[in-house]
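Please view it alongside the sequence and the structure.

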2 protein chains.
Amino acid sequence: MNARIDPPLLDTPARHATGTTSHLAARLHGLRSSAVRDLLAHARAPGMISFAGGLPAPETFDVAGIRAAADAALGEAHTTLQYGTTDGQPTLREALATLMTQRGCAAGAEDLIVTTGSQQGIDLLARILLDPGDTVIVERPAYLAALQVFALSQANVLGLEIDGDGARTARLDALLDEARARGWRAPKLIYLVPEFGNPSGVRMSLARRRELLRWAATNDVLVIEDAPYAELHFDGPGPPALRTLAGEVHGAGNRVVQLSTLSKTIAPALRVGWIAAPAWLRGPAVLAKQSLDLHTSTLSQDIAAHYLRSGRLDAHLDSVRRHYAERCDALVCRLREQFGDRLHFEPPPGGMFVWARFEEPVDTAALLPHALERGVMYVPGEAFYAERPDTRTLRLAFATVDPDRISEGVTRLAAALQAYGRSR
Amino acid sequence: MNARIDPPLLDTPARHATGTTSHLAARLHGLRSSAVRDLLAHARAPGMISFAGGLPAPETFDVAGIRAAADAALGEAHTTLQYGTTDGQPTLREALATLMTQRGCAAGAEDLIVTTGSQQGIDLLARILLDPGDTVIVERPAYLAALQVFALSQANVLGLEIDGDGARTARLDALLDEARARGWRAPKLIYLVPEFGNPSGVRMSLARRRELLRWAATNDVLVIEDAPYAELHFDGPGPPALRTLAGEVHGAGNRVVQLSTLSKTIAPALRVGWIAAPAWLRGPAVLAKQSLDLHTSTLSQDIAAHYLRSGRLDAHLDSVRRHYAERCDALVCRLREQFGDRLHFEPPPGGMFVWARFEEPVDTAALLPHALERGVMYVPGEAFYAERPDTRTLRLAFATVDPDRISEGVTRLAAALQAYGRSR
């Protein structure tokens, strides 16, 4: 994995001879492709059982509801097919604000900027906040496409270890020291996924959330709370969001930006996400978004707005949660049966991923070819580290695999591990 | 116009006091909002006749065709609603390659990367090609959201004057001297809209196109050919695209990147554009696009693919061309009647804009409030210059205004000019 750009492509100095590769910007050097997206090609092999991609289960899509929403949107074709305003369709922003408020995270439409998926939200914030050489804190392990964004931003990245209660906030001061020791700037922002992290699956505890906010306010660090999986809880909602808690912590209120998306709740194809930002950030964010893509698809936004107003979301989410909880259980049980103490993991309370670590020194990147050969895929954990990867780790996504196939997939994984052991 | 970010927002040094505005990246300083997008708010005033926005005429949308394409796409919901590959849906890329080949610009699906509108194409190319301090050449006047991208890239921008035959390529060597004289790097790329430029409306001559390509190859400069309006010709297609001609010019073939979009041909709301890039650029472009938004809306892409395969595009484009040609004629005639020699312009052979300049010293930004008061809007020309704007210029978009309203709009503009004269 970690498929880097082929070095000759980037490093050829003979600009005139090869054409123009030396025209590439410095920020491209060393940028890694997303291991997950590169793996998707293998996922189409016949019979492959893929625990790799973080995709929602397509059989859970509310196709009838989305079709009705699309019909309604296209009934207003003169606006739905036209250019829209950069910050998003007013009807969608209203519907999203209502949804957030229902979920205990009070917001008004004016607080929100619609983005082309929450991936664009990460990129947009990096663009308006980060100069090359700025320092960013991420969880260890972290969402890999956020790591890509920070690499493209030429930021320095510090990793904050996690445990079963989420990011280990007691270690934050040590990261300040580490930045100093490495000659880096003081951290400007911290990016984290407090609810069912990707890849960790962990839910951050209430105490840690408060501690993080106090630390951020004291040290003038911005907090980006990415919440793509927050709706996918198996046993009810967890602690309040960082954005909600920030109101209780002196100096934190204007330092928290929350990113959300409809990709895991309605459909990824819409590419509709949103930013809930403090007032001082909104002007610059809208300005940058003009340059990025003018605005997010009006058609997608109008479909999303009609869907949210249809009242179908809650029943749909109940079904998705049941689906995923069942699959998560199946994966957890089968992994325990097959591997016992040889594989460590915490059963996640929601989301789409089991994050696991082999007790023995197994290099999961070297294990992968054996797995692919036997028709099973996962993402080697090294993809989720900015540096010093823990190569014994792997991410297993359960959402798209039905329980029978999960069982077979884990059996194949055990066979792959045996073959890997023999090959050493 | 040129609504800059409110300086106090960006320049407040009291980081702890105000929260965090000093956390903004340096590239945000001095970034201008799009004058056109800011004007859209006024466009909704009752009775307003807007020559401002570069929007397609919504009454020309092929709603029935798009609805049928959406139905067909949603019939394959498991893929149409799911995540897709970063470079775009294979069926769409095939359909776009076929379209390009039909238009005389031979391409294969593998040459193309789908983008979220061609705006993202500009931003994506800037991201992978430009380091801060790199030098870029644009037309004078230039597409303003491209100017925004280059400002966000912290590039130095040189302006190449245009006349009725397009960019004045004979002046290119002088720009090399100018870069040197200003202590800037040698130009890395030139961005231009050769077919019905925005705002100029000009079509670049064949001789100038060839001259540009020879110069770019000799001086190792990349050419970004942005072609959003190329299908909107009133009297048949023009000279071959730069991308096509590049094959005939030694050393130019791997230096031309073409951007296109379905915004002006099917519907802006889809946010579907594409890049036709030489091989060396594709890997880096796909890698960067992962960070930008993972991929463009699968739903939009599938709708576009179904629409293109439906065979409706050519008849639809004929209708759009007739519509726009009629409106262009109406605007040209009325401007001549009302202003005679006091307003200079070339009737455009296609596209959506008349670019005009007052003979007398009229500041079109100062004229605008008088125009708004009388219920007519346009974009003051200063928005289209990176520096040293020609403040007597203005852009008039005719696509969305029917001929009767055009007549009334020009009458209002004349009244505004009278009032402006009295107010001096």
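Within what distance do the axes of helix 4 (residues 63–74) of chain A and helix 13 (residues 298–309) of chain A come, and at roughly what angle do they cross? The axes of these two helices of chain A come within 8 Å and cross at roughly 120°, where axes are lines fitted to C-alpha atoms, for helices over the stretch in contact, and angles run from 0 to 180 degrees between N-to-C directions.

This is a predicted model, in which local features need pLDDT of at least 70 and side-chain atom pairs count only at pLDDT 80 or more, while totals for chains, interfaces and linings use all residues. Residues are numbered from 1 along each chain as its sequence is written, and chains are lettered from A and ligands numbered from 1 in the order in which they are written. Helices (H or I, at least four residues) and strands (E, at least two) are DSSP runs, numbered from the N terminus.

| Helix pair | Axes come within | Crossing angle |
|---|---|---|
| Helix 4 and helix 13 of chain A | 8 Å | roughly 120° |
| Helix 6 and helix 13 of chain B | 9 Å | roughly 40° |

Helix 6 of chain B and helix 13 of chain B are therefore oblique to each other. Their contact includes B:Thr91, B:Leu92 and B:Ala95 in helix 6 of chain B, which meet residues such as B:Gln301 and B:Ala304 in helix 13 of chain B.

**Domains of chain A**

Chain A is divided into domain 1 (32–61 + 315–423) and domain 2 (79–309), with bounds that come from an automatic or database domain assignment. The centres of the two domains of chain A, taken over C-alpha atoms, are separated by 26 Å, and 29 residues of domain 1 of chain A are in contact with 29 residues of domain 2 of chain A. On the side of domain 1 of chain A that touches domain 2 of chain A, helix 14 of chain A gives the most, with six residues.

**Pairing of the chains**

Chain B can be laid on chain A with an RMSD of 0.0 Å by a turn of 180° and a shift of 0.0 Å along the axis, copies being superposed by least squares on the C-alpha atoms of residues with pLDDT of at least 70 in both. The two copies are thus related as by a two-fold rotation axis. The same surface serves both copies, since 99% of the contact residues of chain B recur in chain A. In this pairing, 73 residues of chain B are in contact with 72 residues of chain A, and helix 12 of chain B gives the most to the side of chain B that touches chain A, with nine residues.

**Backbone details**

A cis peptide bond with omega of about 0° joins A:Arg140 and A:Pro141, and A:Pro141 is found in the loop between strand 3 (135–140) and helix 8 (144–152) of chain A. The peptide bond from B:Asn198 to B:Pro199 is also cis, with omega near 15°.

How values were computed: Contact = placed C-beta atoms within 7 Å. Parallel < 35°, antiparallel > 145°, perpendicular 65-115°, else oblique.
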